[in-house]
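Visitor: I have a sequence and a three-dimensional model open together, and I would like to learn how to read the contacts in it. Could you take me through them?

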Amino acid sequence: MKTLLSATLLLLAMHVHGQIKLEGVVRDSLNNPLELANVIAINQETNAMASYGITNDSGRFQIELGVNATFQIQISYVGMKTLKEVLKTEESDIFKEFFLEPENALDEVELVYEMPVQIKGDTLVYNADSFQDGSERKLEDVLEKLPGVEINEDGQIEVEGKVVNKLMVNGKDFFDGDTKLASKNIPSKAVDKIQVLRNYAEVGQLRSVRNNQDNVALNIKLKEGKENFWFGDITAGAGASPDNALYVLQPKLFYYSPKYTINFIGDFNNTGEVALNRRDIRNFSGGFRVPSSNSGTDISLGNNDISFLTDQNNTLEIESKLATANFSYSPTTALDLSGFFIYSSSRILSRETSFIQYTNPELGIPDEATEQLGRERSEEGLLKLSASFQPNYNNQVDYDILARVSDDRQRQLVASSVLGDTDRSDDFTPVSISQNLNYYYTLNDSNIFALEAQHIIRDEDPFYNAILTNTTGTEDAFDSTAEQLGFDTTQSAYNFDQNRRVKSNQLDAKLDYYNILNKKSNLNLTLGVILSRQEFNSSIFQFLDDGNVLQPTPTINEGRAENDTEYNFSDIYLGVRYRVKSGKFTITPGVSAHLYGNQNTQFGTTFEDNFFRLLPEFETRIDLKKSESLTLRYNMRNLFTDVTRIAEGLVLNNFNTIQFGESELENALSHNISLLYNSFNLFNYTNVFARAAYSNNIDQIRSLTDFENVIRTSTFFNSSFADETFSLFGRIQRTFGKVQATLNASFNYSKINQFIQEQRSLNEGFTQTYTPGIRTNFKVAPNVTLRYRYSVTNNNQGGGETRFVTNAPSVDFDAYIWKSVTLRSDYTYTNQDLGNGTSQSFQTWNASLAYRKDKDAKWEYELRATNILDIDAQVRNSANDISVFTSETFIQPRFLTFRLVYSL
């Protein structure tokens, strides 16, 4: 790595040393500066574009050129004749003024080189070919090279610090806008333009009356010849590993025409390549928008998913299958039909060892070492159908339905230094159906109506079973808890299970009225309603040695082992917002009046809590320049829990985690304030984004926990102590010729009150992370990306302090050699200092070598190696409210596969 780093720095030094700066001003014939004029420098010897720039609001630009060379400078502007001028460079910087003449409509239009980046109002347009060197294969390889665009650790696309929430291809939604599926599967050579749609509004009628500055969408324009033809690629491969034969089959096919589109993505492998992980699929909303998202009310339906041992990227063995299909069809200009289907299946073998050290000795909780071996099976299916009907500009109706079904199973063998051996299993087969109905009506130029409604039905049935060893005649660690649960302690093992059933039914609807008062202001009135109903049933059973089943009666929680709870929630609200533009300012104050109703019935008792509350909000946006803004937001939100924290019967989340709820829980109140700054400057190729956020939670629902050995029993209450969080994130990115430098920095502070063993303690956590990086984007020379992540985490946990320091340098290398061979490699070294004089580290190194005759070749042959150093495990260290956690997760060994890729 040191050799590669030295070579990279030498290459960069040579590149910088051989450059001079051309600065200039572009004016019209009346001496007025021209903003957003395109400046291109063409190398006269190679006839290739050497550099480009865009003028700022003063008509200024600056570009870098090679020394002692001849360039043709081309300057273009809408409505002006393209200026062409030959310029010879020496070894000193140059300053020059350029004047453009008005264009005569009868003059012949001259063709000029296409700009790599153009600004057209709120749209940024990237020319994909300008950022490719031949080593790219998928859309994400191109996106990573675009100024202002990042792909974060979760695979999401970010533009100027904002997560892209919709992706389209030729104006059609790609799997309802999912960015990860698109970036990892669309072939790079099919991409012509990448359009970044800032301030994106899905409904054109509402563009001028809603604040859309946080909405960013991408539209991928395909190259000519890709319409009305199938394109894509099919990958097939095989390989060897120490234990199993390896296989890969990945068909990715696309068809686009003006009238309909079809996309199919398949992925079948046992090499650990997960196209969509469980979290991706769980978060796959199908583009559904929650109508009440800006109302000030947060009502949770809870999460009853299985807690799997590891994620799908860190396993000993994994066999995954993915089949997805997406279509759109426009039978008329007024009607659009679309939908998608996703099927995902995985089989996983995982292993993890861990050590938990409890930080407060006064609590009397013993430290615990565990070793866990898990087998998991997960199958999920999603089906979405949509229709959009717009007979004219004044009317639009949208309808969506999304059905989701899963079948998840898990078995874990756990060896604990405190509790002994445990065999646990989970089954979960949830079903959910979500529907959206939206109607938008423009009465006239001053009056617009919008009706948005969403209905959700869920049926969840988590099942849990555990078998713990029990040495009769000897006091085991679980015996005391077993007595409290009402179990028979004379059995050879504690074999018990729990059935749970959670049914949820929620309607979320609102009617918006927009009155456009004048060109600079409008009034928005909102009438909305949220109706939610949840039913929760659970029961605990113990299986005895003689085959009988015992329904226990606990000695704790007033003997309540079962749940039969009905929870109803309602919110009827009226909101008003006034939006006004004044110069650079856009100010939007608002307030909503809420009439809340809470009712839960269990154990023959009904608890009701009905109240009224006003929730204010405020937003101010300052447009400092066309691509520079500052936004301040404040809002107050009411937070309501789900039924599982209200249900008073016992719930076994795990064999060592027991909870029971509190029927009289009230809502929490949250004050939130944020400040956002972003700037995209093509004059000096600088992109800056910063976000600061503060939250203060009053009457927060907290857990009251008691430990018996390492077994925790918790209930819930409204804490009178406020919890606080503060976060700051910033990114600055600048391009110097063919080199792009980036610095990411984040700071997170939290102050949380915890209540354990009837003691209150204040826990403070502070994490700071810095990630500088540098990337080259040469057309011919090899390209390198260097990053260094430095992170410090400090936790003050009720008297105990912990400190973790992480250092993680990484290097990515790709080279396109002889216009036929592609070499790619990525390496990361991670070292974690535990703060007690010890440290742990691990390394990852992957590489691939591919050959194709030329860029247009149909066949490609690839040799790919993963985990080249054959590392057997990855280490992880973390801290929570009461403990320090160290784990070692075992991963797949070195894999070597050979692949054939056929491109359509």
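This is a predicted model: local features need pLDDT of at least 70, side-chain atom pairs count only at pLDDT 80 or more; totals for chains, interfaces and linings use all residues.

Visitor: How many aromatic pairs does a search of the whole structure find?
Guide: Rings of Phe, Tyr and Trp (for Trp, its six-membered ring) pair if their centres lie within 6.5 Å, and planes under 30 degrees apart count as stacked, over 60 as edge-to-face and the rest as tilted. With that rule, the search of the whole structure gives 26 aromatic pairs.

Visitor: What is the angle between the planes of Phe-478 and Phe-496?
Guide: Phe-478 is in the loop between strand S28 (463-469) and helix H5 (479-485), while Phe-496 is in strand S29 (residues 493-518), 18 residues apart; helices (H or I, at least four residues) and strands (E, at least two) are DSSP runs, numbered from the N terminus. Phe-478 and Phe-496 are both buried, where buried means under 20% relative accessible area, exposed over 50%, and partly exposed in between (1.4 Å probe, protein chains only). Their ring centres are 6.0 Å apart and the pair is stacked, with an angle between the planes of 0°.

Visitor: Why is the pair of Phe-569 and Phe-640 called tilted, given the angle of their planes?
Guide: Phe-569 lies in strand S32 (residues 563-582) and Phe-640 in strand S35 (residues 628-640), so this pair ties together parts that are 71 residues apart in sequence. Phe-569 counts as buried at 3% relative accessibility, and Phe-640 is buried too, with a relative accessible area of 7%. The ring centres are 4.7 Å apart, and the pair is tilted because the planes stand at 55°.

Visitor: Which residue lies over the face of Phe-721?
Guide: A charge sits over a ring if NZ of Lys or CZ of Arg is within 6 Å of the ring centre and within 35 degrees of the ring normal. One case is Arg-560, which lies over the face of Phe-603 at 4.7 Å from the ring centre. Over the face of Phe-721, at 3.8 Å from the ring centre, lies Arg-760.

Visitor: How far apart are the closest N and O atoms of Lys-138 and Asp-233?
Guide: A salt bridge is a side-chain nitrogen of Lys or Arg within 4 Å of a carboxyl oxygen of Asp or Glu, and a search of the whole structure finds 42 of them. Lys-138 is in the loop between strand S9 (123-127) and helix H2 (139-143), and Asp-233 is in strand S17 (residues 230-240), 95 residues apart. Lys-138 counts as buried at 14% relative accessibility, as does Asp-233 with a relative accessible area of 7%. The closest N and O atoms in this salt bridge are 2.6 Å apart.

Visitor: How many residues apart in sequence are the parts tied together by Arg-824 and Asp-141?
Guide: The side chains of Arg-824 and Asp-141 meet in a salt bridge, at 3.2 Å from N to O. Arg-824 counts as partly exposed at 28% relative accessibility, whereas Asp-141 is buried, with a relative accessible area of 10%. Arg-824 lies in strand S47 (residues 821-833) and Asp-141 in helix H2, so the residues apart in sequence number 683.

Visitor: Are the residues of S9 buried or exposed?
Guide: In a regular strand the side chains alternate between the two faces of the sheet. In S9, Thr-123, Val-125 and Asn-127 are on one side, and Leu-124 and Tyr-126 on the other. Both faces are covered, and five of the five residues of S9 are buried.

Visitor: Which residue in S15 stands opposite Val-125?
Guide: Two strands pair if DSSP finds at least two bridges between them. S9 is joined to strand S8 (residues 117-120) by four bridges, running antiparallel, and to strand S15 (residues 191-198) by five bridges, also antiparallel. In S15, the residue opposite Val-125 is Gln-195.

Note on methods: Residues are numbered from 1 along each chain as its sequence is written. Side-chain values use heavy atoms; hydrogens and water are left out.
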